[in-house]
Amino acid sequence: MRTTDPGDAARIELLLAELRLPAVKQVWASLATQADKEGWPAGRFLAALAEHEIAERARRRLERHLAEARLPPGKTLDTFDFEVVPVVSKAQVMALAAGDAWLNNGANLLLFGPPGGGKSHLAAALGFALVENGWRVLFTRTTDLVQRLQIARRELALEAAIAKLDKYHLLILDDLAYVTKDQAETSVLFELISARYERKSLLITANQPFGEWGKIFPDQAMTVAVVDRLVHHATIFEMNVESYRRRTALERKRGRGRPPIHATITANA
Ligand code: ADP
Ligand code: MG
């Protein structure tokens, strides 16, 4: 059986480092041994190495994109109960999770509804699915991002800060309605929305629908302009459902309150 010459082996390690092929560098020696032992054609060996490098790169990219997305843990589409939110169709959400149809056009998704209705969960779950499908996403509380942008503006770097967010195909602004109703804060938000208009998507969750937004954005003309841009290419889910937490708490209570005889009957049925 032919084996790799030790001199070649040392040279290969250096060359692979120089070529920045860390995954190949990791596996080439054991694959070479296997190839020598099993008498692989040279082409098969090369293909196996290239495939390994590509798979590793994809894995590392996904890892990076998941880390940078800052998604709240555990909120996935698998754990989202679509039955309690009839207005949100699972098929439509699954289509949105593919991304192409809306993220390529910079279209938006707006989730409205009272607290506890699953807006943040659905937003995070969609974000997670999109990252898995190769898109770049950032999940942030609206107040946090607004603070960051205000700092940037004080440092005369607002434009650059907004441009830096361009790398994200989707920016998830959670709880827009909780932004303090202050002119300086809302104007950075306005600039962000304008900058992304028809180019990069936004997913916004809010407790109040647009009728109440006059209270968020002090300037009426500004409000009209913002709302106009947001809804121009947008899918809107009005998630007017009872709080999921309250609902599950009530169900647990009802379960516990059942008379024992009832439980016995159902157990035997
Ligand atoms: P909102 O952002 O609308 O206030 P959340 O998304 O934070 O509501 O939901 C509150 C809690 O209830 C979270 O723990 C969330 O995971 C859970 N929840 C809400 N709706 C659903 C749902 N349809 N299926 C599964 N869990 C849900
Ligand atoms: Mg929320």
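Tutor: We need one term to begin with: a cavity is a set of grid points where a 1.4 Å probe fits but cannot get out, whereas a pocket is an open set. Please also keep in mind that this is a predicted model.

Student: How many cavities of 30 Å³ or more does the count come to?

Tutor: The count comes to 1 cavity of 30 Å³ or more, and the volume of the largest cavity is about 70 Å³. Its lining includes G106, A107, N108, I193, R196 and H233, and the elements that give two or more residues to that lining are α9 (183–196) and α11 (220–232).

Student: How does the lining of the largest cavity divide by class?

Tutor: There are 5 nonpolar, 3 polar and 4 charged residues in the lining of the largest cavity.

Student: What about H233, where is its place?

Tutor: H233 sits in the loop between α11 and β5 (234–238). Leaving aside residues up to four places away in sequence, H233 touches A107, N108 and E198, and A107, N108 and E198 are also among the residues that line the largest cavity. The C-alpha atoms of H233 and N105 are separated by 8.6 Å, although the two residues are 128 residues apart along the chain.

Student: And why does H233 count as partly exposed?

Tutor: H233 counts as partly exposed because its relative accessible area is 31%, and that class lies between the cut-offs of under 20% for buried and over 50% for exposed.

Student: Let's go to the pockets. How much space lies in the largest pocket?

Tutor: The largest pocket holds about 450 Å³ of space. It is lined by 25 residues, and those that lie nearest its centre are G116, G117, G118, H121 and Y244. Two or more residues of this lining come from each of α6 (119–132) and α12 (244–257), and by class the lining has 9 nonpolar, 8 polar and 8 charged residues.

Student: And the second largest pocket, which residues are the closest to its centre?

Tutor: The second largest pocket has about 240 Å³ of space. Of the 13 residues that line it, L145, R148, A161, K164 and L165 are the closest to its centre. The elements that give two or more residues here are α7 (142–154) and α8 (158–164), and α7 gives the most, with 5 residues. The lining of the second largest pocket divides into 8 nonpolar, no polar and 5 charged residues.

Student: Now the strands, please. Why is β4 described as largely enclosed?

Tutor: Strand β4 (residues 201–206) is largely enclosed by the rest of the structure because 6 of its 6 residues are buried. S201, L203 and T205 point one way from β4, while L202, I204 and A206 point the other way, and all are buried.

Student: Which strand pairs with β4 over 4 bridges in the parallel sense?

Tutor: Strand β1 (residues 108–112) pairs with β4 in that way, and T205 in β4 is the bridge partner of L111. Strand β3 is also joined to β4 by 4 bridges, and these two run parallel; there, L202 in β4 is the bridge partner of L171.

Student: So what is β3 joined to by 5 bridges?

Tutor: Strand β3 (residues 170–174) is joined by 5 bridges to β2, and the two run parallel. In this pairing L138 stands opposite L171 in β3. Strand β2 (residues 137–141) is mostly covered, with 4 of its 5 residues buried.

Student: Changing topic, is L156 buried or exposed?

Tutor: L156 is exposed, with a relative accessible area of 82%. This residue is in the loop between α7 and α8, and L156 has a positive phi of about 60 degrees although it is not a glycine. R70 also has a positive phi, of about 50 degrees, and is not a glycine; its place is in the loop between α3 (42–69) and α4 (90–98), and R70 counts as exposed at 59% relative accessibility.

Student: Last one: what is the mean pLDDT of the protein chain?

Tutor: The mean pLDDT is 89, and 93% of the residues in the chain reach 70 or more. Where pLDDT is low, the predicted coordinates should not be read in detail.

Technical notes: Residues numbered from 1 in each chain as written. Chains lettered and ligands numbered in written order. Predicted model: local features only at pLDDT ≥ 70, side-chain atom pairs only at ≥ 80, totals over all residues. Heavy atoms only, no water. 1 Å grid on protein atoms, 1.4 Å probe; cavity = no way out; pocket = protein on both sides within 12 Å on 5 of 7 lines; lining within 4 Å. Points joined across faces, edges and corners; volume = space filled by probe spheres on them. Nonpolar A, V, L, I, M, F, W, Y, C, P; charged D, E, K, R; others polar. Buried < 20%, exposed > 50% of the residue type's maximum accessible area, 1.4 Å probe, protein only. Pairing = 2+ DSSP bridges. pLDDT = per-residue confidence, 0-100. Contact = heavy atoms within 4.5 Å.
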